[in-house]
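Let's take a walk through this one, starting with the overall picture and then stopping at a handful of residues. Keep the viewer open as you read.

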Amino acid sequence: MKNLTIRELTTTAELEEVFELEAFIWNRDDAVPPNQTITSVKNGGFVLGMFAEHRLIGFQYSFPGFNGTDVYLCSHTLVVHPDYQKQGLGEQLKQAQRKLAEAKGYETIQWTYDPLESVNAKLNLHKLDATSNVYIENAYGELHDDINAGMPTDRLVVSWSSRPVPRQQVSVEGAEAVYPVEERNSIPVPGTIRHAEAAVLLVPVPASIQQIKHVSQEAALTWRLVQRSVLPPLFAKGYSIVDYLPYGSHYAYVLTKERPDAD
């Protein structure tokens, strides 16, 4: 898309504009208030704004994180106006975030996302080449928006290096699926969980959990609970998610016990 610019936002007026865009996408109660973003900007965080001409059409908000040992950049919110979605602009914002994070001295960026949301998984794990080995059950409690209503807000924690590393492909030949995908009443559901110890494992994900929710809330919840029962034990055994690839008419997380590009 032409005539796009991305730049760091630092003034109260700019951050009030960010607040209005987020409130338009979600609602005013859920949007991060300007007094918080301006405080973060002054203390190691940043907000990147994406503009079409002079119109703010997207932004990314990050703040410092600390886990008791390491300092990292916590990637909190990424928003693109509906008129400009599905054009790869979210990925452009993430790449700009990575570049600025490196310039500010951060080595790692972390964020969370719903492991059943295929679009986010594809962006985070395949396009951006992030990894995950942390699963949080019901991370945000009960939410009532259209995307989260009726489902526990389980999340994967994604880790992303601020310095790009060339992806080394993982061969999925001979990989074992932890469970198959079956059709019940024309709805894809996870089949019986298998005991698998292969070097490369596949954890299937439906192509659209929102479509499944629309037809059967029970089937959608089954996907959530099966993933919840499978991923944390695999992480405890040393597996990490290193990619997200097509699996029949659906997708699957690719898990290995050692990141391919590790030293």
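What follows goes from the whole chain down to single side chains.

A word on ground rules: this is a predicted model, so local features need pLDDT of at least 70 and side-chain atom pairs count only at pLDDT 80 or more, while totals for chains, interfaces and linings use all residues. Residues are numbered from 1 along each chain as its sequence is written, and side-chain values use heavy atoms, with hydrogens and water left out.

The protein has six helices and 13 strands; these are DSSP runs numbered from the N terminus, with helices being H or I over at least four residues and strands being E over at least two. The C-alpha trace spans about 55 × 45 × 40 Å along its principal axes.

Now for packing and surface. Buried residues account for 48% of the 263, where buried means under 20% relative accessible area, exposed means over 50%, and partly exposed is in between (1.4 Å probe, protein chains only). Take the contacts (heavy atoms within 4.5 Å) between residues at least 6 apart in sequence: 65% of them join residues at least 24 apart. The accessible surface comes to about 13,600 Å², with 50% belonging to carbon and sulfur atoms; the areas come from the Shrake-Rupley method with a 1.4 Å probe, and for residues only the protein chains shown count as cover.

As for charge, there are 23 positive and 32 negative side chains, and the centres of the two sets lie 3 Å apart. Lys and Arg count as positive, Asp and Glu as negative, and His and the chain ends are not counted. Each charge is placed at NZ of Lys, CZ of Arg, CG of Asp or CD of Glu.

Asp 114 sits in the loop between strand S5 (108–113) and helix H4 (118–127). Is Asp 114 buried or exposed? Its relative accessibility is 8%, so Asp 114 counts as buried. Its side chain reaches the backbone nitrogen of Leu 116 at 2.9 Å, and, not counting residues up to four places away in sequence, Asp 114 touches Asp 154, Arg 155 and Arg 224. Glu 14, in helix H1 (residues 12–25), also counts as buried, at 18%. A polar atom of the Glu 14 side chain lies 2.8 Å from the backbone nitrogen of Thr 10. Both are polar contacts: N or O pairs within 3.5 Å, where within protein one atom must be able to donate a hydrogen and the other to accept it, and residues adjacent in sequence count only if both atoms are side-chain atoms.

Over in strand S4 (residues 71–80) you'll find Leu 78, partly exposed at 34%. Its C-alpha is 5.8 Å from that of Phe 59, 19 residues away along the chain.

Last, a look at backbone angles. Most residues other than glycine have a negative phi. Glu 53 has a phi near 60° and lies in the loop between strand S2 (46–52) and strand S3 (55–66). Lys 86, with phi near 65°, lies in the loop between S4 and helix H3 (89–103). Glu 53 is exposed at 52%, and Lys 86 is exposed at 86%.
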